[in-house]
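Dear colleague,

Please find below the structure that I am handing over to you.

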There are 2 protein chains.
Amino acid sequence: MATQEFSSFKREQKDLINLMPLQTGGILTDAAREALVEFGDGFSTCDFCLGNLCNITNPPIKKFAHELLPRFLGCDVATITHGAREAKFMVMHCLTNPGDTIIVDGNRHYTTVVAAERAELNIIEVPSSGYPEFKVNVADYIPLIEKHHPKLILLTYPDGNYGNLPDAKRLGGVAAKYNVPYILNGAYAVGRMPTSMMEIGADFIIGSAHKSMASAGPCGVLGMKKKWENILLRKSAVYKKKEVELLGCTVRGVPLITFMASFPYVKERVNHWDEQVAKAQWFSQELENLGLKQLGGKPHRHDLLHFDAPAFYEISQHVPERGYFLYKELKKRGIWGPQPGLAKSFKVSTFAASKEQLGFVIDSFKDILQKHHSKAV
Amino acid sequence: MATQEFSSFKREQKDLINLMPLQTGGILTDAAREALVEFGDGFSTCDFCLGNLCNITNPPIKKFAHELLPRFLGCDVATITHGAREAKFMVMHCLTNPGDTIIVDGNRHYTTVVAAERAELNIIEVPSSGYPEFKVNVADYIPLIEKHHPKLILLTYPDGNYGNLPDAKRLGGVAAKYNVPYILNGAYAVGRMPTSMMEIGADFIIGSAHKSMASAGPCGVLGMKKKWENILLRKSAVYKKKEVELLGCTVRGVPLITFMASFPYVKERVNHWDEQVAKAQWFSQELENLGLKQLGGKPHRHDLLHFDAPAFYEISQHVPERGYFLYKELKKRGIWGPQPGLAKSFKVSTFAASKEQLGFVIDSFKDILQKHHSKAV
């Protein structure tokens, strides 16, 4: 029967040392894992709904959305979204018309482009400095703003390719000067490192709960200045409690409860960001000592690291598994991270692994290089 | 500390006899509960993604989305959505322009209106027959189609207020004759009862996994005729694997895995729909014997039942808990269903409860009436 294989799903990666940038910030806390089972049934979030998800008091979504998240994000108003991309589309859909222009950084996530396509916008990119640092200089927004009069600007902080942290606060000053609404896409920042919308001077801050806030997916948050509330969270003309742009309610299910259950832990962990940065810099240096080359800014200021790995690429050209050999070698050692198939260059994140685990990862890379080099000799 | 209460979330309703219409079709199977824990971590769905959620082969999302769901829905093409409302908005956003008109049934869910507001559409409603049956006669679409030339028509099948099943197939004939795209909102049908888009003659079929397919929320499905694929699932001009209207991927998380894990069970259970209908009719008759009055069509053809309860309303006028007395009396007996606060009229669903449990519910209603009547004497 065709559906027999659907009776049980196992995930082999669950208990490995996790270096996958998409996943290291989204590993659940024990509290979130309990909440999963407790609120797993469809619509169990809504037992005591009186018409608006973010006003539910049992479980305490109201307090979370209206008090804790705004304080955490340094914003006036926050709401729950299906994720960062949906938040970006919401802002674009509310603040622009088809044919309008927006300006974004050249390191933007692909979903920034796709959201702009869905909103039928022209998208202009501020180029990065290119190989090997790929840095975005926010001063480069200025001539483009003067030329194109965008309806919105967006900065990816940090970007998901190189983990670069551009000068978001300086761009806040630019946005204020030119009076252009400014979206900070903090999908890899909010929940990992201290990030305040007000301090940066953005109009909107976007976080991804499944990417960086120890939450099941999909789930995210959109914070904003008070002045945007009446536009972004405008109510239906027919249903006075329902927000049009959210289609009434967004995450009416268990990912939101895991987000809440992990929140005390996430709130605490951002205070240890300097330790995370030190760990990432040490790891990067150790891999460079093995002949890999870290791309992006140096010294690196984020756990997301992108490496060129010419030695691994060389091996991949001579083994039957081709680029998959690296994934297989690492998996044998209980390590999950570089995207299966990639060996020439790959991304890892040091966020979830301890220094001891990373030491083992470094030794494993060393072993793999030695093993294949000695074979080649 | 403000976040202390966030360390643990308990749901008292979890193990009660569940009659809440929103919830009875979304209770997880054991397989789904295991999948929850296995794939709970953020983005764990995407371990082996090659660029498109619905093409992931491990876990077998590709087979689910491209083979099993289309066969189950009787459609050509299916995709995963965050839920029914998001699917409705997707179709509206793709097939209309602001200012266009669509025609929907008067029993439509509130999210149909809100989705149309988000898409800036004029919405014209085919009125129901009103109290007490609230039936929608699909022939009433015809003069409105002739007058307003809508870009879309939508039928709610069944509606979430009365559980009425209008003649969806006849409306398929109307849609074909007038060549107007037809959305069947089957949020309370797909996963409960056999429902085939092709047989009905709709262009789009929408299902809610957390409402009717034993899945964690939020999660849904949109099925369509092949002819709409290039519009609804159009690819990004920049990222050739990414679907613009889905913002790349929708349910990149564990609700989708629970949907898949429950699917063999859901596929089987729709074959027992006649037993569900018999159970609902019997329950309705028993409550009518106690003096309640079932609204909506009779004999009723769905597990969602709406009752006027003048005797309970009378009691609520004389007790300190007012309308909440019914919720409290039922909770004491291990029953969860009518919305807390409602006593004058309320909705229940017989879908998840066994006949024995429903017998206990009937006896409980009887007890509550007797207890309060004897008090009043």
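At what angle do helix H1 of chain A and helix H1 of chain B pack, and how far apart are their axes? Please bear in mind throughout that this is a predicted model. In this model the two helices, each covering residues 30–38 of its chain, pack at an angle of about 160°, and their axes are 10 Å apart. Because angles over 145 degrees count as roughly antiparallel, H1(A) and H1(B) are described as roughly antiparallel to each other. The crossing in which H1(A) passes H1(B) is right-handed.

The residues that meet are A:Arg33, A:Leu36 and A:Val37 on the side of H1(A), and B:Arg33, B:Leu36 and B:Val37 on the side of H1(B). By class, this helix contact is made up of four nonpolar and two charged residues, with no polar ones.

The contact between the chains as a whole involves 74 residues of chain A and 74 residues of chain B. On the side of chain A that touches chain B, the elements giving two or more residues are the following:

- H1 of chain A
- helix H3 (84–95) of chain A
- helix H4 (110–118) of chain A
- helix H8 (209–212) of chain A
- helix H10 (254–269) of chain A

H10(A) provides the largest share of this side, with eight residues. The residues of chain A that touch chain B divide into 38 nonpolar, 18 polar and 18 charged.

Turning to the domains, chain A is divided into domain 1, formed by 4–24 and 303–376, and domain 2, formed by 30–269. The C-alpha centres of these two domains of chain A lie 31 Å apart. Domain 1 of chain A gives seven residues to the contact between them, and domain 2 of chain A gives eight. On the side of domain 1 that touches domain 2, five residues are nonpolar, one is polar and one is charged.

Strand S3 (residues 101–105) of chain B runs parallel to S4(B), and five bridges join the two. In one of these strands, S4(B), B:Asn122 is the bridge partner of B:Thr101.

With kind regards

Definitions and conventions: Residues numbered from 1 in each chain as written. Chains lettered and ligands numbered in written order. Predicted model: local features only at pLDDT ≥ 70, side-chain atom pairs only at ≥ 80, totals over all residues. Pairing = 2+ DSSP bridges. Helix = DSSP H or I, 4+ residues; strand = E, 2+ residues; numbered from the N terminus. Axes fitted to C-alpha atoms, helices over the stretch in contact; angles between N-to-C directions. Parallel < 35°, antiparallel > 145°, perpendicular 65-115°, else oblique. Left-handed = near helix turned anticlockwise from the far one by under 90°. Contact = placed C-beta atoms within 7 Å. Nonpolar A, V, L, I, M, F, W, Y, C, P; charged D, E, K, R; others polar. Domains from an automatic or database assignment.
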